[in-house]
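Let's take a walk through this protein together, from the overall fold down to a few single residues. Have a look at the picture first, then read on.

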Amino acid sequence: MPRFDPHPDRRPALVAGASSGIGAATATALAAAGHPVALGARRADRCEELAAAIRAGGGEAFAHPLDVGDSDSVKAFAAAAEDALGPAEVLVSGAGDLSADRLHDLDPDAFLAQVQVHLVGAHRLVAQVCPGMVRRRRGDVVLVSSDVVRAPRTRMGAYVAAKNGVEGMARALQMELEGTGVRASIVRPGPTATGMGMDWDPRVTGEVLDEWVRWGLARHPYFLRPSDVAAAVATVVSAPRGAHLTLVEVQPEAPLEEG
Ligand SMILES: NC(=O)c1ccc[n+]([C@@H]2O[C@H](COP(=O)([O-])OP(=O)(O)OC[C@H]3O[C@@H](n4cnc5c(N)ncnc54)[C@H](OP(=O)(O)O)[C@@H]3O)[C@@H](O)[C@H]2O)c1
């Protein structure tokens, strides 16, 4: 006798931070895997464009404005997604941004803003969506973290603090959800070529990269594509019930050495 019912055929997925980068690629990958997807971000027009492209390709997609910094917005997004697609079977928390300041130069309000979007925002999503999953006795929650948790980087101390908070919260969530049928997982990307950091002054970017080299944090110049991280998210949520990929770290492979 199987210990678990298989995943249902229809698994609506909510993707927070779907207007660009890893979130957009994740919505695309999950739709390609057959999930109806709800795309949320502040730039709702970009989510709608991507949702239209997914629908044009034969997928099922819905877009709605989402600001994870605002509990009412999270509630409205989750409710609209449920009306459009049905109860959430998958939640991907990938909203975020990044500033390039040293901690001692960083305004405490800017520090708080980073914690708000990455950590408190992730919790707002969990608090909104998880209880229904627990009632239905199944679901996947994927929290997008960062390899800065394993190897902190300079000039992003607030981000490092927030992502450590995300992983701490995820670990506690995994324990609390044990036996409920709901799987909480961490996907921890390494450097990925997305919109993140692209708005930095090029002079600052140069300084930051030099610092990372000094700290041994830039072993080679390759970056992941957003689709590489999206593939990891899709793998996590498609793991058969009874198996739980609790933490998946994705790193860019180094270029082949001469020879
Ligand atoms: N790029 C990397 O090297 C890297 C490495 C490790 C982890 N990550 C993580 O991957 C996740 C996605 O980042 P990315 O690299 O794909 O960057 P990105 O291209 O800048 O995407 C960030 C997404 O978050 C959304 N977002 C930001 N603030 C939001 C808010 N308050 N409410 C709702 N959505 C919000 C943005 O949309 P709007 O601006 O339209 O709201 C955008 O869709 C983040 O959690 C990031 O920390 C990235």
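## The big picture

In this protein, 74% of the contacts with a separation of 6 or more are between residues 24 or more positions apart. Here, two residues are in contact if their C-beta atoms, placed from the backbone, lie within 7 Å. Keep in mind that this is a predicted model: local features need pLDDT of at least 70, side-chain atom pairs count only at pLDDT 80 or more, and totals for chains, interfaces and linings use all residues. Residues are numbered from 1 along each chain as its sequence is written.

What about overall size? A compact globule with 259 residues would have a radius of gyration near 18 Å, and the protein has 18 Å, which agrees. (The radius of gyration is taken over C-alpha atoms, and the globule rule is 2.2 Å times the number of residues to the power 0.38.) The C-alpha trace spans about 55 × 50 × 40 Å along its principal axes. Buried residues make up 39% of the 259 residues; a residue is buried if 20 or more other C-beta atoms lie within 10 Å of its own, exposed if 12 or fewer, and partly exposed in between, with C-beta atoms placed from the backbone.

## Helices and strands

The protein has seven helices and seven strands. These are DSSP runs numbered from the N terminus: helices are H or I with at least four residues, strands are E with at least two. Follow the chain along and you read β-α-β-α-β-α-β-α-β-α-β-α-α-β.

In what order do the strands of the open sheet sit? The order is 3-2-1-4-5-6-7, and the pairing is parallel. Strand 3 (61–65) and strand 7 (247–250) are at the edges with a single partner strand each, so one side of each has no neighbour in the sheet. From one strand to the next, the twist averages 15 degrees. Two strands pair if DSSP finds at least two bridges between them; strand 1 (residues 13–16) and strand 2 (residues 37–41) have four bridges, in the parallel sense. Alanine 13 is opposite valine 37 in strand 2.

Helix 4 (residues 108–136) lies across strand 1, strand 4 (90–93), strand 5 (139–144) and strand 6 (182–189), and it runs at about 165 degrees to strand 5. For such angles, axes are lines fitted to C-alpha atoms, for helices over the stretch in contact, and angles run from 0 to 180 degrees between N-to-C directions.

## Around the ligand

Which residues come nearest to the ligand? Of the 29 around it, they are Gly17, Gly21, Arg42, Arg43 and Gly96. Helix 1 (residues 21–32) gives the largest share of this shell, three residues.

By class, the shell has 13 nonpolar, twelve polar and four charged residues. Ala, Val, Leu, Ile, Met, Phe, Trp, Tyr, Cys and Pro count as nonpolar, Asp, Glu, Lys and Arg as charged, and the others, Gly among them, as polar.

## Some residues to look up

Most residues other than glycine have a negative phi. Arginine 137, in the loop between helix 4 and strand 5, has a positive phi of about 65 degrees. This arginine 137 counts as exposed because it has 12 C-beta neighbours inside 10 Å. Arginine 155 also has a positive phi, near 65 degrees, and is in the loop between strand 5 and helix 5 (157–177). With 23 C-beta neighbours inside 10 Å, arginine 155 counts as buried.

Terms used. Near = placed C-beta within 6 Å.
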